[in-house]
Amino acid sequence: MNFGNVTKTLQQLKFQNDGLLQSGFVDSAALIGFVQLSSHRLKMLIVKDIANVIATDNTIECFQAPVVFTELVDQYWLDFQRPTIKYFEVQLKRLANDKIVRATLDSNGISKKYRGRKRVVEIRKLYSVYLKCNRIFCQFHIQLITELLTAYNLDAIGSIDRICRLLRIENPDGSCKNIKGLAVCSQLIYVIHRSLLYFGNLSRYRTLLATNYLPPGSLSRQDKKEYRKCLECLNLAILLLPSQGDPHNHIGLIEKLKRNDLNIIYNFARSTMTRIYSPNGFMNLILHLSSEMLLHTVSRAILEPEKCRSTVDSKLVKCNNYFIAIFGFYFLPQRWNDSQDMKFTDVSWKNIENDYQKSIATLDIHRPAYVKILWKQAIILISGYTILSNAKFNHEWIDRSENLLEAYLQFVFHFIDEILTICTSGYSINTELLPLVRLFLCWANQGGLPLNYLLANSLTFDNLVHICEVASLLVNKDELCISKPQRQYYFYEDVDLKEFVPIGCRFKDFNDSWILGKSQDSYKKLIGERPKEAPHNDVESDEDALRIKAISYMVDQLLKSRSKLEICS
């Protein structure tokens, strides 16, 4: 495709779009008509560009052009979809604040004016126009994904079935064109990934505008459920390309609307820890951790614990508040020390850490919700260490002094010791925590200060050895510590933490070389699809046995490394 023609077409369409949105009066019919026109033309540009590339060459050299079809999807969002949504947001906000002025006569016959109810009718009319534009935008991404899936053989997408179910499109019947070039296939997958991301954004904005400006009685069932659909799109985008940090950042923005502080911090941290990290996610993490609302909420919960009710949910809330306070103090000490809400003369950080460890001990780890909280806290802690120890993540509020980093690492290992302690009870293992143990070992095994700290920490090592001793009673001893075990598919924690930089972008405690094939079955195994013929309980027990073997192997390797260090010293 001629680069000059593409650029000229984009400039013309953008000029028309900006002119429409910036004019004093926007005709609804003209706006909807232009949205349809630009959507159709851009979709045809992308589809035609893809067809030309595949017909011309399947090698990587064909992507040296200044503009390719992957960039057109991003440009459509940045130059067309987002500005149009922002226009409607501004207009709806103006109408919501501009109440109807009514005039009445008082008892003396003097005319008085007052501001009455909101302009509900005008708001509904404008929102209906927005919905029409939003449907066209959504159809752009649905039709683009449909055309790509039906035209080309993309077996590398193990989640094709899930994408088709979400978008309610037909699953390709197999009569698709094969693609030889790996680069072309990767670019097509990237286009689908971006379309899922922006489709999720469209769903997010729909719910946001509806809940902010429509009267409660006017909200449709679809308006209320759009966050769920948005999360499904974003999670599919992550499953498709886990190396990208943008979807995690957008999930963090949704959690911000829900006011779930731990999930907000978790997703912003995850967006920073992918191989292609999100700078916006990093800044959002800083801004949220330093926000006055968070500081006030957490400090009040810690300084006034008597106001917290003793319920099952309050255990999670208390545990999360202690955790956020400690993490915020180590991560942004300047902001948390300067806070007027946190009175450090009354509450010592040591006491807060002790209370946090006690709160972990009160959690029922057999409940999935509680284990999920600990999983997220562990990932946040590991992500925080990576940010603090890497100058790439630069911000004036981050303190990179060695003393603070050492104190932070010490707290991380206190957390690890607490998890390892509750992982075993007597001569049994709480298998729910085995993924956490795998995470700690693979993180420390990356080397550097965490590995040195682990090798020198007797308490942590004793806890790990105790887990292996108990494991030897549950699994055949002859199968332990010999070599990395093999398995049939990725476990849920492997899928969740693919491209997680602190562990080297994947768990490396299994021999997965034979899984990494190029068939669709191999790709499905990499997204954690279990064998259909195996009973659910049997599969879970097999997974736990394999996790125990992997943990035992890694602990054995660490023991050998520790012995060598002791001999050298």
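## Basis

The model is predicted: local features need pLDDT of at least 70, side-chain atom pairs count only at pLDDT 80 or more, and totals for chains, interfaces and linings use all residues. Residues are numbered from 1 along each chain as its sequence is written, and side-chain values use heavy atoms, with hydrogens and water left out.

## Overall make-up

The protein has 22 helices and four strands. These are DSSP runs numbered from the N terminus: H or I of at least four residues for helices, E of at least two for strands.

Of the 569 residues, 52% are buried (under 20% relative accessible area, 1.4 Å probe, protein chains only). Take the contacts (heavy atoms within 4.5 Å) between residues at least 6 apart in sequence: 74% join residues at least 24 apart.

## Helix α6

Because 27 of its 32 residues are buried, α6 is largely enclosed by the rest of the structure.

## Residue D509

D509 sits in the loop between α20 (492-496) and α21 (520-526). Its relative accessibility is 1%, so D509 counts as buried.

The D509 side chain makes a polar contact with the R438 side chain at 2.7 Å (a pair of N or O atoms within 3.5 Å; within protein, one must be able to donate a hydrogen and the other to accept it, and residues adjacent in sequence count only if both atoms are side-chain atoms). Leaving aside neighbours within four places in sequence, D509 is in contact with R438, C442, K484, P485, A550 and M554.

Terms used: Buried < 20%, exposed > 50% of the residue type's maximum accessible area, 1.4 Å probe, protein only.
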